[in-house]
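Hi,

Here is the structure I promised to send over. Have a look at it first, and then read my notes below.

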Amino acid sequence: MGGNTSQLSKENVSEYQELTFLTKQEILLAYKRFSELYEDRRSSLDPRTSRIPLQKMTELPELRSNPFKHRICRVFSTSEVKDGSLSFEDFLDLLSAFSDSATLEIKSHYAFCIFDDDNDGTLNRKDLEKLINHLTSESEDTKLTRNEMEQLINNILEESDIDKDGTVNLSEFQHVISRSPDFVSSFKIVL
Amino acid sequence: MTTYNNSGYLNPAYHDYETLEIDRRTSSKSHHANPYPREAPAWLGVRAPQSPTAQPGGDDASGGRWQEERQGTDESIPLGFISTQPQNPPWQHNLNHTTFQIDPDAHDRSAASQISSSMSANMTLRWRGVSARRLSLFPTGDPSHLFPEDVIRNELDNEEQDLVKELIGLSTVDRIQAVRALPMSVREKKHVRSQVLAFKSSKQSQQRGCCADCSESVSWTFRRFGSGLKAAGQALELWQGTMKEISGRFGTSVLTYFVFLKWLLMFNVLSFLINFGFITVPLLVYDPSPNIPPNVSFRGLEILTGVGYFNYTVMYYGGHSNETFAGQVTYNMQLAYFLTIAIYMVLCGLALIVSMAGSFRSNYVVADPSSDSAWQLLCSWDFNMTNERAVRQRKNNLRVQLKESLSENAQRKLLTLSEELSRLCVHLASWFLSTILALGCGASVYYLCLYEAQMLAADAASWSLLEEAKTLLVPFVVSLINLCVPLFYSLFNKFDHYSSHRRQIYALVVRNVFLKMFILGVLCYYWMDVVAQNVSCWESVVGQALYRLVIVDFLFLMLGSFFGEFLSNVIGTRMLPRIGVPEFDVARNVLELIYAQTLAWIGIYFAPLLPVLQIFKLFLLFYLKKISLTHNCQPPQRTGRAAQMQTIFTALLFFPFFVGALSIVAYTSWSLTPSENCGPFRGLNNSFGAVAVWIHTLEDISGSQWVIWIYQKIIKSPIFYFIVTLIILMFIYVFWQVTLGRKELIALLRKQIVKEGKDKMFLLEKLHSLQTSHPNATNKQANQQQRIGQFSDRRSPGSQSNSSALVQALLARQQFEGDLSGGVPVPADISTSSGLIQAMLAYQRAEDLNEDLYRMPDGRLSSFAPLPPPTRPRDEDRGTAGGPGDPVHAPGALEQAMQARQRAEGADDLSSSAVMMQVIQARQQEERLQWTPGPPHNPAPSGSSALIQAMLARQQAQNEFDDGY
């Protein structure tokens with residue numbers, strides 16, 4: 001639990017500064033938060049390889065109550081075994097995409113990945129249903145009914161599926177995003 | 001590289017999605033331009049023998065350098081990249097790179113011709129293409145059975161090469177931006193960056209000059225400095241934690257209010273700094289003690305009323321002198337006062353216009369005109385939210401909103417005429433009532449002001465406390481109106497239903513704006529018309545009135561938010577749970593802020609230090625509202641459109657309010673006579689006269705003729721303004737036309753996309769029906785897939801050549817099957833069966849060859865060497881197949897295929913690319929065989945080529961569409 005930020009060398013910081021949308025303070029803060037979560041005492045924290053498991057990661061207060069926390073971790077994880085664990089660099093990636101200065105292009109790209117539950121590159125009906133369920137359902141009795149869900153998905157597809165192939169692909173999604181100006185300000189996680 | 005080069009090449013998805021996109025951008029890859037596999041052997045046949053010779057001699061030093069570089073960087077590439085060709089000796093890498101690489105000069109040219117700002121967009125487009133392409137063709141099911149992982153990965157590597165090349169052509173700053181904007185993980189970005197940097201440094205080491213060195217280090221320093229500044233700005237940012245807390249609990253829409261407040265605070269700090277620095281400080285330096293009459297003392301009530309003691313300080317207009325201070329430097333107070341106010345107003349106006357225009361561009365113009373659509377609701381989910389309860393609440397609200405959007409959609413169609421009429425009546429009635437109310441308020445304020453004017457006629461210095469307190473009457477009433485009437489308006493809104501929530505809010509906002517405008521208009525009229533004529537030193541009196549208004553408004557804001565929200569919270573939780581906890585009404589609160597700011601702007605001329613008051617006010621208000629919010633309010637039920645509301649607020653702040661304040665200040669300084677006995681402009685006809693006087697003094701000084709010329713010919717000449725106005729109108733007209741044109745273009749492109757989408761669906765359906773119409777075929781396919789799986793399991797994941805060959809064989813077979821099912825007429829059955837045989841053979845051959853390849857430990861001489869032979873039988877075949885319905889051609893083709901197979905088995909040094917070429921030929925032969933018996937009888941092959949063409953067309957259209965956006 002080495003909470004000191006000196007482990008992150010200056011070169012590393014400036015490199016990360018160049019590769020992400022984060023400022024120096026944000027990177028150092030991210031490192032601090034990351035090392036607080038990092039529990040593995042056997043090995044010291046290495047920004048590239050040391051990973052925090054998904055369960056632990058989702059305990060981060062900024063992610064804890066996010067309905068997409070698992071998807072977010074999985075999307076940004078570069079883990080070989082696909083367990084959704086995050087290395088520090090993955091974590092920086094996450095923060096960069098969710099930062100204030102990230103471009104709309106980046107944000108919508110990652111939003112698409114997060115919403116694309118089965119990772120098949122398009123938002124099909126199942127993905128959309130999952131998305132809506134993530135954002136609405138709390139319990140069985142307040143859930144949208146089957147009929148409403150169908151109708152809602154139809155509306156969504158009608159609205160965004162420009163080429164009428166029954167799914168929303170990335171460019172269609174980005175088109176939608178470009179027309180909803182709230183997205184940029186709301187797609188944001190700040191440490 | 002040859003291998004994956006070709007595999008990408010033969011992969012139909014590659015043609016469908018990427019080729020055009022790349023080729024349109026970089027001229028360098030012209031050999032990719034022809035996507036038809038039919039003609040592919042032609043260029044390979046021609047080009048292949050050339051490339052080994054072209055490489056050493058043909059390319060000049062730059063090409064060679066690139067190669068070295070490539071080789072160098074290849075070693076730093078992760079394992080997966082190298083393992084794609086474990087058998088290839090390094091020099092073959094070089095060869096392949098030459099065939100694929102671009103001429104750096106050509107690339108530079110193409111890169112330079114692109115607008116650098118659009119680069120990142122292009123690049124992300126392309127990267128988007130990678131993932132989308134993989135899947136867009138196969139909406140049903142997993143595509144991996146057609147395109148094994150290796151193939152895909154190799155294409156990704158190809159992409160990476162292109163990306164690196166593109167990045168090399170950029171300037172440093174652009175490159176950093178572009179790398180940042182890549183949707184990749186940090187590790188991948190690092191890899192790309194190291195490749196680019198390595199190339200750059202090698203290039204530099206050859207042409208390193210002092211100048212380049214210098215500029216590099218300077219730009220590096222600047223970047224460092226920029227990022228340092230950014231970081232410092234971030235560290236200094238006010239209320240960061242509080243803002244985060246608010247957005248975590250209440251979401252972005254409530255945060256809008258606080259952001260707006262902070263923004264206004266910045267305006268006032270700027271205003272204070274300017275006014276204090278250029279007006280107050282010089283005055284205090286030269287004349288530190290205010291000349292207060294002996295009978296005036298500080299009584300305490302001044303803090304509220306602003307009269308008495310304050311009247312003689314620098315707080316108001318009257319406290320300023322008209323002298324030119326002559327110390328070490330002469331300081332013309334008149335001019336300073338006038339110019340400071342004017343410059344501040346201009347700065348404010350510019351800042352407002354810039355922020356308003358930017359916010360309109362990003363938030364309003366592009367936004368969907370259709371109201372609360374489901375997507376909009378889903379997309380505006382707040383990732384900021386960190387509070388568990390708030391998230392739950394938000395989810396519930398979202399569910400309600402989604403349901404409403406459904407019912408709204410259903411409802412919209414069911415509105416009858418009578419309902420429409422009654423709704424219209426309600427609208428009219430509520431608008432009428434609210435306008436009457438606003439007018440009434442304005443009138444009452446005016447009469448109250450006239451009453452106050454009688455009192456002002458008496459000497460203010462001899463006022464008793466009660467008389468002084470009476471001056472608070474007008475501000476009190478005005479603030480009361482501002483507090484209560486909006487509540488009435490909200491009540492109207494309960495009855496007055498609009499088709500959308502947004503319109504409802506707009507109606508409310510417009511009514512409130514009218515009210516505030518009426519009141520301010522009446523007050524200004526009173527000041528300009530009544531006070532200015534009747535009172536001596538009237539500017540100070542107006543300043544005092546504004547001071548009182550600001551103070552009392554603040555008190556009412558405090559009371560209103562504390563008691564309004566606190567009481568309704570108590571009522572909502574304890575007594576009438578039906579009402580519930582109040583929501584934070586962003587629109588009303590922001591309008592209050594706008595009103596307060598307008599007062600400060602108007603007051604800037606009459607009381608230059610009013611911004612100080614405003615700063616305190618806003619600062620306290622922030623904490624007050626935050627406390628009130630966290631204790632009394634719940635997150636708003638209806639969310640979304642926060643960005644648009646913010647745009648509207650900015651626009652409102654600019655248009656009626658700032659422009660109104662500006663025109664009042666301008667009117668005052670141009671048309672009204674300043675008071676005779678006090679203030680900096682005493683003795684002048686108007687405040688602008690200060691400039692005229694200054695110009696007059698300049699006439700004696702030589703070398704200042706140009707200033708006089710500017711003053712005479714530009715500032716004072718109406719013709720100049722007339723011409724400027726004309727030019728601006730012209731520009732507006734042109735831009736308006738351009739906008740109209742763009743709109744039309746967008747509509748056209750949209751239609752085109754829809755059309756192409758239909759085409760794609762049609763073709764996909766056809767493909768799908770072909771795939772599924774043969775159950776035994778699918779069985780075989782499954783079988784083969786299994787085998788593919790075995791292969792890829794057995795071998796290293798990098799050995800993509802065999803699997804891509806398999807894919808090709810599969811494709812050939814599928815196509816043939818498609819032809820089979822496509823209603824093939826009688827004479828074709830021989831040829832189809834031979835086609836089947838051929839495809840099977842091709843498949844087997846590929847398999848055999850792959851095993852050979854796998855067993856082969858050492859490299860081969862050249863990947864292109866065995867290519868020429870296959871072209872011969874193909875020509876032969878063309879000759880034999882020429883006759884329509886020729887029965888001989890089938891055995892001929894069979895034989896040939898057998899030969900090809902034997903050849904393939906025999907030739908140990910045959911590379912995988914050759915295999916693929918043969919497979920292609922097999923496929924083409926088969927196609928041609930189908931085709932030759934008589935095109936009118938057999939539509940299937942032409943259909944398949946039409947398929948390719950249609951897909952290409954669609955691709956192109958999509959590219960154009962993307963570029964257009």
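A residue counts as buried when its relative accessible area is under 20%. Keep in mind that this is a predicted model. By that cut-off, 51% of the 965 residues of chain B are buried.

Now for chain B as a whole. Chain B has 36 helices and 2 strands. If you take the contacts in chain B between residues at least 6 apart in sequence, 80% of them join residues at least 24 apart. The accessible surface of chain B is about 44,200 Å², and carbon and sulfur atoms account for 65% of that.

Next, have a look at one residue on the inside. B:Leu629 sits in helix α25, which covers residues 610-632 of chain B. Is B:Leu629 buried or exposed? Its relative accessible area is 0%, so B:Leu629 counts as buried. What does B:Leu629 touch, if you skip its neighbours within four places in sequence? The answer is B:Ile246, B:Phe250, B:Val254, B:Phe258 and B:Phe584.

B:Lys758 has a relative accessibility of 54%, so it counts as exposed, whereas B:Leu629 is buried.

Cheers

Methods: Residues are numbered from 1 along each chain as its sequence is written. Chains are lettered from A and ligands numbered from 1 in the order in which they are written. This is a predicted model: local features need pLDDT of at least 70, side-chain atom pairs count only at pLDDT 80 or more; totals for chains, interfaces and linings use all residues. Side-chain values use heavy atoms; hydrogens and water are left out. Helices (H or I, at least four residues) and strands (E, at least two) are DSSP runs, numbered from the N terminus. Buried means under 20% relative accessible area, exposed over 50%, partly exposed in between (1.4 Å probe, protein chains only). Contact means heavy atoms within 4.5 Å. Accessible areas come from the Shrake-Rupley method with a 1.4 Å probe; for residues, only the protein chains shown count as cover.
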